[in-house]
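Good morning, and thank you for making time for this presentation.

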Amino acid sequence: MSTTESASYYNHLEKMSVNELLTNMNKEDQTVPHAVNKAIPQIQKLVEAIVPRMEKGGRLFYIGAGTSGRLGILDASECPPTYGVPHDMVIGIIAGGDTAIRKAVENAEDDPEQAWEDIQAFDFNAQDTIIGIAASGTTPYVIGGVKKAMKEGLLTGCITCNEGSPLAKEVAMPVEIVVGPEFVTGSTRMKSGTAQKLALNMISTSVMIKLGKVKGNKMVDMQLSNKKLVHRGTLMIMEATGLGEAEALAMLKEHGSVRNAVNAFENRN
């Protein structure tokens, strides 16, 4: 039996008080960062392979089903506003299409051919990277996608929560984060999902930093899509230049990004 399907350490959950439920779930959640820490060498290897490919115009694809697919879409969708990159630079694809983001699409994950068809819709190129996300490491949709991508010469990786899974065997750079049994047996949206989210954060953030999308510790290329972000950008410019709020805001509006505004300030001085 795989780790993700093994029995919970807890039983008779329905008899626990709310406090007991919350306390025990939290106790289990605290083990997740330790499992992620053990996988850092694998994550590092994957990130270091992705960066030079993206510098040459490659893109990063996440493919998954259910919770795993939704987590990939979440991470991909947050890259453009956070780092100012094009929407087709990091792409999340879920079995069953966009409908499956909100509502489960029956049997969508069982088709081993569909993921590659979904990837082809984006006109893949030789520098692209495909990361399959599947807690169990057994999802046909994901396995079929990375297997075909590997044959086409693309870099392939995965994020899974079982050791030695079929998915890991089909990719060049597997990331295996073994978090142990779920609080509710087999409910991989819990610890496994948390582990996948942490790994995705680490991968995309590290890649964006290495691509030059962060200066110091600031998101200098973020999209100014609401008042909060405009205010944040203004404060960044004030900190970097010593300007007052009104002038910093004016420069931000004139130049369109924190990076451009700070560069303009430095060039005029």
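Which side chain meets that of Glu28 in a salt bridge? The partner is Lys191, with 2.7 Å from N to O. By salt bridge I mean a side-chain nitrogen of Lys or Arg within 4 Å of a carboxyl oxygen of Asp or Glu. The two residues belong to distant parts of the chain, 163 residues apart: Glu28 sits in helix H1 (residues 18-29) and Lys191 in helix H9 (residues 191-210). Helices (H or I, at least four residues) and strands (E, at least two) are DSSP runs, numbered from the N terminus.

Before I continue, a word on the basis of these values. The model is a predicted one, in which local features need pLDDT of at least 70 and side-chain atom pairs count only at pLDDT 80 or more, while totals for chains, interfaces and linings use all residues. Residues are numbered from 1 along each chain as its sequence is written, and side-chain values use heavy atoms, with hydrogens and water left out.

Are the two partners buried or exposed? Glu28 counts as buried at 7% relative accessibility, and Lys191 is buried as well, with a relative accessible area of 2%. The cut-offs are under 20% relative accessible area for buried, over 50% for exposed, and partly exposed in between, with a 1.4 Å probe and protein chains only.

How many salt bridges does a search of the whole structure find? The search finds 6, and I shall describe two further examples.

In one of them, Asp221 pairs with Arg259, and the closest N and O atoms are 2.8 Å apart. This bridge links parts 38 residues apart, with Asp221 in the loop between H9 and helix H10 (227-241) and Arg259 in helix H12 (residues 258-268). Asp221 is buried, at a relative accessible area of 17%, whereas Arg259 counts as partly exposed at 23%.

Helix H12 also holds Arg268, whose partner Glu247 is in helix H11 (residues 245-255), 21 residues apart. Here the closest N and O atoms of the salt bridge are 3.0 Å apart. Both partners are partly exposed: Arg268 has a relative accessible area of 48%, and Glu247 stands at 38%.

I turn now to the aromatic rings. Rings of Phe, Tyr and Trp (its six-membered ring) pair if their centres lie within 6.5 Å; planes under 30 degrees apart count as stacked, over 60 as edge-to-face and the rest as tilted. The count comes to 3 aromatic pairs. In one of them, Tyr10 and Phe183 have ring centres 5.1 Å apart and planes at 55°, so the pair is tilted. Tyr10 lies in the segment before H1 and Phe183 in the loop between strand S5 (173-176) and H9, 173 residues apart. Tyr10 is buried at 16%, and Phe183 is buried at 4%.

A further pair, Phe61 with Phe122, is edge-to-face, at 5.7 Å centre to centre and 70° between the planes. Phe61 lies in strand S1 (residues 60-64) and Phe122 in the loop between helix H6 (114-120) and strand S3 (129-133), so the pair ties together parts 61 residues apart in sequence. Phe61 is buried, with a relative accessible area of 0%, while Phe122 is partly exposed at 33%.

Helix H6 itself contains Ile119, which counts as buried at 0% relative accessibility. Which residues does Ile119 touch, leaving aside those up to four places away in sequence? They are Ile63, Ile93, Phe124 and Ile130, where contact means heavy atoms within 4.5 Å.

Finally, the second largest pocket, to which Phe122 brings us back. On a 1 Å grid over the protein atoms alone, a pocket is an open set of points where a 1.4 Å probe fits, with protein on both sides within 12 Å along at least five of seven lines; lining residues have an atom within 4 Å of a point. Of the 15 residues lining the second largest pocket, the closest to its centre are Ile91, Gly92, Ile93, Asp98 and Phe122. Which element gives the most to this lining? Strand S2 does, with 5 residues. Thank you; I shall gladly take questions.
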